Amino acid sequence: MAEFVNVAVDAMGGDNAPVEIVKGAIDAVNENHHVKVYLTGQEELINRELAKYTYNKDQIEVVHASEVIETAEPPVMAIRRKKDSSIVKALYLVKDGTCDAYVSAGSTGATLVGGQVIVGRIKGVERPPLAPLIPTEKGCSLLIDCGANVDARPSHLVQFAKMGSVYMESVMGVKNPKVGIVNIGAEEEKGNALVKETYPLLKNCPDIHFIGSIEARDIPAGDADVIVCEAFVGNVILKMYEGVGGTLIKKVKEGMMTSLRSKIGALLVKPALKNTLKAFDLEQYGGAPLLGLNGLVVKTHGSSSSIEIKNSILQCITFTEQDMNQKIKEKITMEEN
């Protein structure tokens, strides 16, 4: 392995930038001595935050970028006009080979557009999907796509299934991962036009382990390792997951504070409950990689705390060490041949 896995981090992106972004970078380099972080953004602000911490100076470098792409800006225009933005500067670090990966909590649209225009797609990949890990009863599953392609075609979903299978096997260590397509029923004849047309293609695809349709209620049980859908459906599933998870945790905490007896019980179960609830905290899984590009591009939540930023950076190490891009290239090339 090279001395460092180099990760470009957009220090100005997200609701909590640059404070939480810088803290996440510090936590990442302090936890793993094989990663180097390039923080792109307004140098003065970043250095002010870095001055608060103790860390190995060889593992963090600041790359000045005078501009910031705001969430509400039209992505294509922003990428073209703001060449000195923290997002564009970070993406070019991946394109020119300085960095192995990119992480941002900033504009999703700019990251998606910039990822394809600047970093570029792997030859043969039709549409790069966003693929976050989501917690399940059995561990975690990959939801693919959750926000990049709202008008996907059947051929796109087949590629999503293949790339998702490579990811789960190589990065997460799941042998022969089970692939399911999101549907409104288990029967093959159910679903909208996209699902009906895609189902037989997945069924006859020799290099994935397709198990058929999966209903939304079965996703938390971990019935499928790779959950295939177009981005509109995937985004609804992800946001519902986040909302229900947050509400349940809040209600459990409220219930434990209703009486003296419940408070005593809460003290007794707190350690075990904390570990259980931690498994369902999406921040623990890092960001969503945009699969199918010539370099690793990872998008985290706009409200990311330092925990999610740290885990997203560390996630890039495994991705790079497993040579994910090469494996995806091989899978797509095999498909073309």
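I looked up I181 first: its bridge partner is S213 in β8. Strand β7 (residues 178–182) and strand β8 (residues 209–214) pair in the parallel sense over 5 bridges. Here two strands pair if DSSP finds at least two bridges between them, and helices (H or I, at least four residues) and strands (E, at least two) are DSSP runs, numbered from the N terminus.

A note on the source: this is a predicted model, where local features need pLDDT of at least 70, side-chain atom pairs count only at pLDDT 80 or more, and totals for chains, interfaces and linings use all residues. Residues are numbered from 1 along each chain as its sequence is written, and side-chain values use heavy atoms, with hydrogens and water left out.

Next entry, the sheet. I found 5 strands in an open sheet, ordered β5-β6-β9-β7-β8, with mixed pairing. At the edges are β5 (133–136) and β8, each pairing on one side only. I also checked β6 (residues 139–144) against β9 (residues 226–228): they run parallel, joined by 3 bridges. L143 stands opposite I227 in β9.

Then I turned to salt bridges (a side-chain nitrogen of Lys or Arg within 4 Å of a carboxyl oxygen of Asp or Glu). How many salt bridges does the rule give? The count comes to 12.

I picked E44 and R48, whose closest N and O atoms are 3.4 Å apart. Both lie in helix α2 (residues 43–50), 4 residues apart, about one turn of the helix. For accessibility I used these classes: buried is under 20% relative accessible area, exposed over 50%, partly exposed in between (1.4 Å probe, protein chains only). E44 is exposed because its relative accessible area is 60%, while R48, with 46%, is partly exposed.

I noted a second pair, K251 and E254, which meet in a salt bridge at 3.6 Å, N to O. These two sit in helix α8 (residues 231–255), 3 residues apart. K251 has 53% relative accessibility, so it counts as exposed; E254 has 38%, so it counts as partly exposed.

Last entry: is Q315 buried or exposed? Q315 belongs to helix α10 (residues 306–321), and it counts as buried because its relative accessibility is 12%. I also took the C-alpha separation of Q315 and V182, which is 26 Å for residues 133 apart along the chain.
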